[in-house]
Amino acid sequence: GFLQVASPVPQGPNKWHEQFPIAKGQRQSPIDIVTSNAKVDKALSDNPLKVSYSNNCCQSVTNTGASFQVVVDGAGTEISGGPLDSTYKLVQFHAHWGPLGGDEGSEHTVDGVTYPAELHLVHWNQKYKDVGEAVDKPDGLAVIGVFFSRGKEHAGFKPISDLFAKVPRKADKVDISFNYDPACLLPARRDYWTYLGSLTTPPLFESVTWIVMKDPVEVSAEQLAALRNLLWETPSGEGQMCNNYRPPQPLQGRLVRST
Ligand SMILES: COc1ccc(C[C@H]2SC(=O)NC2=O)c(OC)c1
Ligand SMILES: [Zn+2]
């Protein structure tokens, strides 16, 4: 039969620069947010971040081989205001997490503190014709980051976390037949830090206006454990998907603003 060439197991974050030199760029993400250096910007509160998601925008959950991804039909699902100069539409949300029971796993850190997971709600700038055109433009994307802390069960996350067992392998996909409003995943208090950064996985395009919510949302230990129903390729074969987070990158003099 044909020579079986094993697909190369993806290289870890500290090797990405070999194929993606921008990994050592001037506006890489994530970062450690040093709260005492964040500058309160009244303009952010004068024009509050507006999040208007519809409750039937979520189409399916898929295992991308790097995370779960809820694919969203962006119709009527928009954010604007705050640091954004135009309207952005939600296209997908996913998360990053650590090992079972550990406290690392978030991508952004706050004064060096990690959370067990971090949710990313990815939006693209409506001035572009589609997300493919927006993805590598300096103002192309806006990602809302929400920290997950371990505590009581998150009723709003349960319909999604219950689906992970149905998509164990890469490219597995299950339709979302129920109404679901992703806004339920946002903390009640809408204060955030914002800065200019990048995608946190290759190709690491420096195209993201980051909006990192200050307050974490609580999810249960079982919901965090459900993330490990997702499997991926490891050097020793198929294993539980975990530690799919990039560590903080150099700030390179960037300003982090705060509400
Ligand atoms: C080629 O386009 C891409 C590639 C990767 C991602 C996902 C990254 S970006 C983020 O915030 N977290 C992640 O894992 C992406 O997201 C819009 C767009
Ligand atoms: Zn992400």
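Predicted model: local features only at pLDDT ≥ 70, side-chain atom pairs only at ≥ 80, totals over all residues.
View 1. A nitrogen atom of ligand 1 lies 3.0 Å from an N or O atom in the side chain of His94, a polar contact being a pair of N or O atoms within 3.5 Å. A nitrogen atom of ligand 1 is also 3.2 Å from a side-chain N or O atom of Thr200. For His120, the corresponding distance, 3.4 Å, runs to an oxygen atom of ligand 1. The protein covers 77% of the 430 Å² of accessible area that ligand 1 has on its own (Shrake-Rupley method, 1.4 Å probe).

**View 2. Donors of the zinc ion (ligand 2).** His94 (NE2), His96 (NE2) and His120 (ND1) are the protein donors, 2.0 Å from the zinc ion; donors are N, O and S atoms within 2.8 Å of the metal (3.2 Å for Na, K and Ca). The 4 donor atoms subtend angles of 97 to 122°, so the arrangement is tetrahedral (four donors, all angles between 85 and 135 degrees). The donor residues follow the spacing H-x1-H-x23-H in sequence.

Residues are numbered from 1 along each chain as its sequence is written, and ligands are numbered from 1 in the order in which they are written. Local features need pLDDT of at least 70, side-chain atom pairs pLDDT 80 or more, and side-chain values use heavy atoms, without hydrogens and water.

Terms used: Tetrahedral: all angles 85-135°; square planar, octahedral: opposite > 155°, others 65-115°. Polar contact = N/O pair within 3.5 Å; in protein donor to acceptor, adjacent residues only side chain to side chain.
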